[in-house]
Amino acid sequence: MKNDIITLEITDITPEGFGVGRLDGKVYFVADTAIGDICDCLVLKELKSHSFAKLVNIKVPSNDRIEPNCAVCKRCGGCAFRHISYDAELKLKQNTVKQAFARIAKMDIRVNETVFDDDERYRNKVQYPFAKGEGGAVFGYYARHSHRIIAHSDCPLQDRIFTDIADYTAKTADKLSIPAYDEESGSGILRHAVMRKNRNGRILYCLVVAKKHKNL
């Protein structure tokens, strides 16, 4: 029932990062969990086929669990697997592909191991929304299931140049009196910065604005 505290063993993780636990024949999805966790969870929402719950306490931690090296990852919606080892994350991605072929195409295929160069700074594309902060424009990723921006100064998964450019954009916008966009009121100008970096180090930069401004 909603608001009940239940104990689950997490046996799988969805591509979106929700741990999967089962109790009395029902499936529960719980964020911030890892395969092997035994944890207490608060039931948030019940549907006919499944339910959503919130992690309250970890009774027995998974062997895959690690301490995140990001100060805002528990609030930020920019990633979903920062609390597990990178080896475990790669296995999850490998299994996601295998399950997709099995579920959609009804094919049992062999999926090669995921190949990578580094477990950090590998993202080559970002999209940052801007918002009005206490001291001026801020940027970051949305919190999960919301459009509330979690501001940050660096993300371990992406090249530092992206946050440097976004920070320069926010500060320049403040100097030029170009306000960040406010979704609730529909006011403001600066909406998003979209960037992509290629293998040669060249960066494509796209600034999304709500309307024209004399200083743009």
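**View A: D108 counts as exposed, with a relative accessibility of 69%.** Here "exposed" means over 50% relative accessible area, "buried" means under 20%, and "partly exposed" covers what lies in between (1.4 Å probe, protein chains only). A quick word on what you're looking at: this is a predicted model, in which local features need pLDDT of at least 70 and side-chain atom pairs count only at pLDDT 80 or more, while totals for chains, interfaces and linings use all residues. Residues are numbered from 1 along each chain as its sequence is written, and side-chain values use heavy atoms, with hydrogens and water left out. Back to D108: this residue forms a salt bridge with K98, and the closest N and O atoms are 2.9 Å apart. (A salt bridge needs a side-chain nitrogen of Lys or Arg within 4 Å of a carboxyl oxygen of Asp or Glu.) The two partners are 10 residues apart, with D108 in the loop between α1 and β6 and K98 in helix α1. K98 is partly exposed, at 31% relative accessible area. Why can such a pair form at all? Side chains of opposite charge can pair when their charged atoms come close.

**View B: Helix α1 runs from residue 86 to 105.** Helices (H or I, at least four residues) and strands (E, at least two) are DSSP runs, numbered from the N terminus. Just after α1 comes K106, which takes a positive phi of about 60°.

View C: Which partner is tucked away? R82 counts as buried at 13% relative accessibility, while E120 is partly exposed with a relative accessible area of 26%.

**View D: E46 and K26 pair up between two strands.** Their side chains meet in a salt bridge of 3.5 Å, N to O. E46 belongs to strand β4 (residues 38-46) and K26 to strand β3 (residues 26-31), 20 residues apart. E46 is partly exposed, at 32% relative accessible area. The structure holds 11 salt bridges, and R121, D154 and R160 are linked in a network of them.

**View E: I6 sits in strand β1.** Is I6 buried or exposed? At 12% relative accessibility, I6 counts as buried. Leaving out residues up to four places away in sequence, I6 touches L23, Y28, C39, D40, C41 and V43; a contact means heavy atoms within 4.5 Å. I6 and C41 are 35 residues apart along the chain, yet their C-alpha atoms are separated by 5.3 Å.

**View F: The largest nonpolar core has 23 residues.** Such a core is a set of buried Ala, Val, Leu, Ile, Met, Phe, Trp, Tyr and Cys residues joined through side-chain atoms within 4.5 Å. V126, Y128, F130 and M195 have the most contacts inside this core. At least two core residues each come from β6 (125-133), β7 (136-142), α2 (160-175) and β9 (190-197), and α2 gives the largest share, five residues. Beyond its close neighbours in sequence (within four places), M195 contacts several residues, including V126, Y128, F162, I165 and Y205. Another core, of nine residues, lies apart; among its members are L8, C39, V43 and A53.

**View G: I203, Y205, L207, V209 and L216 form a nonpolar patch on the surface.** Together they have about 380 Å² of accessible area, worked out by the Shrake-Rupley method with a 1.4 Å probe, where only the protein chains shown count as cover for residues. Patch members have over 30% relative accessible area and no salt bridge; like charges are joined within 9 Å, and nonpolar side chains (Val, Leu, Ile, Met, Phe, Trp, Tyr) within 5 Å. V209 is in strand β10 (residues 203-209) and is partly exposed at 33% relative accessible area.

Key: The expected span of a helix is 1.5 Å times one less than its number of residues.
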